[in-house]
Amino acid sequence: NAMSRSEGREERYQVSGERETWTGFSCMGYRLPTEAEWEYAAKAGTELKYSGSDNLPEVGWFLENSGRGTKPVAQLAPNQWGLYDMSGNVWEFVWDWYAKDGYVDRSGVTDPIGPDTGKRHVYRGGCWKLGEFGSRVSYRYGISPTDHHNFVGIRLARTAN
């Protein structure tokens, strides 16, 4: 919402206590991507294991090459659409609530969104403190929206005009 306000755009989220809601895709403000949007961007039209390569050290910071810490963005190769660090470096928090099979159950739906409620949001992409397995484009996990870690971040999205 702060980024949207800074550019005079409509705010995407309403927060009341521990409950947050969003205004939907028609809002032109900044937001977290949905899990489906994140995966689409990470794959960039490919079937590669990691975002941009089948060889993680080319595109991502993980346990074996990170020096056990976050790295500045764009130090390694981007994926085929020019997006950096979608595999490794920091987990990326997305809008969808986590359910073990919530995303898979909706695979036949165009642009699926996860469950309407939950206790944990999905995060994707892996991070500097995990091995290669957690950085695969297909790997997903859940985290409480109130947790704070130095290996979780965000990537903002905005619906195209």
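**Figure 1. Contacts of Leu32 in the predicted model.** This is a predicted model. Beyond its neighbours within four places in sequence, Leu32 is in contact with Tyr13, Phe93, Val94, Trp95, Ile154 and Arg155. Leu32 also belongs to the largest nonpolar core, as do Tyr13, Phe93 and Trp95 from that contact list.

**Figure 2. The largest nonpolar core has eleven residues**. Its members are Tyr13, Trp22, Leu32, Trp91, Phe93, Trp95, Tyr123, Cys127, Trp128, Ile143 and Phe151. Strand β4, residues 91–97, gives the most to this core: three residues. A second core is separate and has eight residues. Among them are Ala41, Met86, Tyr98 and Val122.

**Figure 3. Helix α2 and its cover.** Helix α2 spans residues 35–43. Its buried residues are Glu35, Ala36, Trp38, Glu39, Ala41 and Ala42. One of these, Ala41, is also part of the second core. The cover over the buried residues of α2 includes β4, β5 (121–124) and β6. Ala44 follows the helix, and its phi is positive, near 50°.

**Figure 4. Phe62 in the loop between α3 and β4**. Helix α3 covers residues 56–59. Phe62 counts as buried because its relative accessibility is 2%, and buried means under 20%. Leaving aside neighbours within four places in sequence, Phe62 is in contact with Leu56, Pro57, Cys127, Trp128, Leu130, Gly131, Glu132 and Ser135. Two of these partners, Cys127 and Trp128, are members of the largest nonpolar core. Leu130 lies 68 residues from Phe62 along the chain.

Figure 5. Ala74 lies in the loop between α3 and β4. Asn89 has its place in the loop between α3 and β4 too. Phi of Ala74 is near 70°, a positive value in a residue other than glycine. Phi of Asn89 is likewise near 70° and positive, again in a residue other than glycine. Ala74 is partly exposed, with a relative accessible area of 38%. Asn89 counts as buried, at 4% relative accessibility.

**Figure 6. His149 in the loop between β6 and β7**. Strand β6 covers residues 140–143, and β7 covers 152–154. His149 is partly exposed, with a relative accessible area of 37%. Leu56 is 93 residues away from His149 in sequence. In space, the two are 23 Å apart, C-alpha to C-alpha.

**Figure 7. The whole chain, for orientation.** The protein chain has three helices and eight strands. From the N terminus on, the elements run α-β-β-β-α-α-β-β-β-β-β. The C-alpha atoms fill a box of roughly 40 × 35 × 30 Å, taken along the principal axes. The radius of gyration is 16 Å; a compact globule with 161 residues would have one near 15 Å, so the chain agrees with that figure. Of the 161 residues, 44% count as buried. Take contacts between residues at least 6 apart in sequence: 60% of them join residues at least 24 apart. The accessible surface comes to about 8800 Å², and 51% of that belongs to carbon and sulfur atoms.

Definitions and conventions:
Residues numbered from 1 in each chain as written. Predicted model: local features only at pLDDT ≥ 70, side-chain atom pairs only at ≥ 80, totals over all residues. Heavy atoms only, no water. Helix = DSSP H or I, 4+ residues; strand = E, 2+ residues; numbered from the N terminus. Rg over C-alpha atoms; globule rule 2.2 N^0.38 Å. Buried < 20%, exposed > 50% of the residue type's maximum accessible area, 1.4 Å probe, protein only. Contact = heavy atoms within 4.5 Å. Areas by Shrake-Rupley, 256 points an atom, 1.4 Å probe, with all protein chains shown as cover. Core = buried A, V, L, I, M, F, W, Y, C linked by side-chain atoms within 4.5 Å.
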